Amino acid sequence: MKNYLYVSTSGDGWTNLGTDEWFLEHVGPDDLALYFYINENAVIIGRNQNPWAECDLNAMERDKVQLVRRITGGGAVYHDRGNLNFSFIAGVNRYEQDRQFRLILNAVRALGIPCEFTGRNDLVAGGRKFSGNAFCMRSKVKQHHGTLLVSADLGKLQNYLRVDPRKLRSKGTKSVRARVCNLSEFVPGLRVETLLEALKQAYAKDYGSYEALEHDALPWPEIQPYIQKHASWEWRLGETPQFDLEIENRFPWGNVQMLFNLRHTRVEDLRVYTDALDTELSAEIRGLLLGCRFGSAPMADALAASPSAQVREVGEFVRAQNL
């Protein structure tokens, strides 16, 4: 049973997220790794999001802002050097989500900032979000990673993200900027390095001794294919198909957009985009509807067979559309 700590020296989002995925597939069932990284000017989208709808890709290309797609669910966020990212990667015998959240909260509180966990995956201070979190599992290893806004340029959030106004209304706010905050607002002059040190101390206090991994100690030839995957067009953007019909709705747990291709009154192809935390939601909806007769009733009946309450909720929305 081992504890590891790794702090990336790269500001490249594809390198950092590729390394994150490599850890997920190589940590032992009795081990725990805490990984920190900073992405330089990047928009990070969830695994099942539509980048064409979520991001202003032209503005990002103009300003040399990197598009990065993570392997977990959730929504899109903007990263710069004022944003510290963390990732807990632990075998099933070591993964304790509540304990991991407490570690982050204790480190922030140690800096004199009152904070708490709220909603589906957020950490807040003064009623505003400074950290969003997402989750993943592969084989016998689980991952919990998230952002920590320290001194990020929050004005750039609205430059590159196309946030659904229904999401803002559901939270009772009028802009992306109004929903989030930097921790430096509570401790003027707070730097990422200071928070990182507080997190290291909280890690040692809660989990005991750990092995600090150096850059050269990692097997970079083995990690390189993961980095190449994250840098690839296919993973980041893929192809947005020509479609015959679009159906979209915002649910309490996230947005769902379905793009249908129809042939002889049946669903020949379907793309499902969502910012839901459940990374399997898109694949399940697609699997249930492919080949289904197009229409509210048959498609809703197909979705009603799912054990997932979220999929069944999508089905009830489809049933109400009178397609």
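User: How many residues does the largest nonpolar core have, and which of them have the most contacts inside it?

Analyst: This is a predicted model: local features need pLDDT of at least 70, side-chain atom pairs count only at pLDDT 80 or more, and totals for chains, interfaces and linings use all residues. Residues are numbered from 1 along each chain as its sequence is written, and side-chain values use heavy atoms, with hydrogens and water left out. A nonpolar core is a set of buried Ala, Val, Leu, Ile, Met, Phe, Trp, Tyr and Cys residues joined through side-chain atoms within 4.5 Å, where buried means under 20% relative accessible area, exposed over 50% and partly exposed in between (1.4 Å probe, protein chains only). The largest such core has 35 residues, and those with the most contacts inside it are Leu 84, Phe 130 and Leu 199.

User: Which element gives the most to this core?

Analyst: Elements are DSSP runs numbered from the N terminus: helices are H or I with at least four residues, and strands are E with at least two. Two or more core residues come from each of strand 2 (32-37), strand 6 (83-91), helix 4 (97-110), strand 8 (122-125), strand 9 (128-138) and helix 8 (192-207). With eight residues, the element that gives the most is helix 8.

User: Which residues does Leu 84 touch, leaving out those up to four places away in sequence?

Analyst: Contact means heavy atoms within 4.5 Å. By this criterion, Leu 84 touches Phe 36, Tyr 37, Ile 38, Gly 146, Thr 147, Leu 148, Val 192, Leu 195, Leu 196 and Leu 199.

User: How many residues are in the second, separate core?

Analyst: The second core includes Leu 17, Trp 22, Val 141 and Leu 218. Its residue count is 24.

User: Is Gly 91 buried or exposed, and how far is it from Ala 33 in space?

Analyst: Gly 91 lies in strand 6 and counts as buried because its relative accessibility is 0%. Beyond its neighbours within four places in sequence, Gly 91 is in contact with Val 27, Gly 28, Pro 29, Asp 31, Lys 140 and Val 141. Gly 91 and Ala 33 are 58 residues apart in sequence, and their C-alpha to C-alpha distance is 9.3 Å.

User: At roughly what angle do the axes of helix 12 and helix 13 cross, and how is this arrangement classed?

Analyst: Axes are lines fitted to C-alpha atoms, for helices over the stretch in contact, and angles run from 0 to 180 degrees between N-to-C directions. The axes of helix 12 (residues 296-304) and helix 13 (residues 309-319) come within 8 Å and cross at roughly 170°. Angles under 35 degrees count as roughly parallel, over 145 as roughly antiparallel, 65 to 115 as roughly perpendicular and the rest as oblique. Helix 12 is therefore, relative to helix 13, roughly antiparallel.

User: Which elements are included in what covers the buried residues of helix 12?

Analyst: The buried residues in helix 12 are Ser 296, Pro 298, Met 299, Ala 300, Ala 302 and Leu 303. Their cover includes strand 13, strand 14, helix 11 (281-289) and helix 13.

User: Which residues does Ser 306 touch, apart from those up to four places away in sequence?

Analyst: Ser 306 lies in the loop between helix 12 and helix 13. Its relative accessibility is 4%, so Ser 306 counts as buried. The residues touched by Ser 306 are Glu 284, Leu 288, Val 311 and Arg 312.

User: How many bridges join strand 13 to strand 14, and which residue is the bridge partner of Leu 259?

Analyst: Two strands pair if DSSP finds at least two bridges between them, and an open sheet of three strands has the order 12-13-14 with antiparallel pairing. Its edge strands, which pair on one side only, are strand 12 (245-251) and strand 14 (266-274). Eight bridges join strand 13 (residues 254-263) to strand 14. In strand 14, the bridge partner of Leu 259 is Arg 271.
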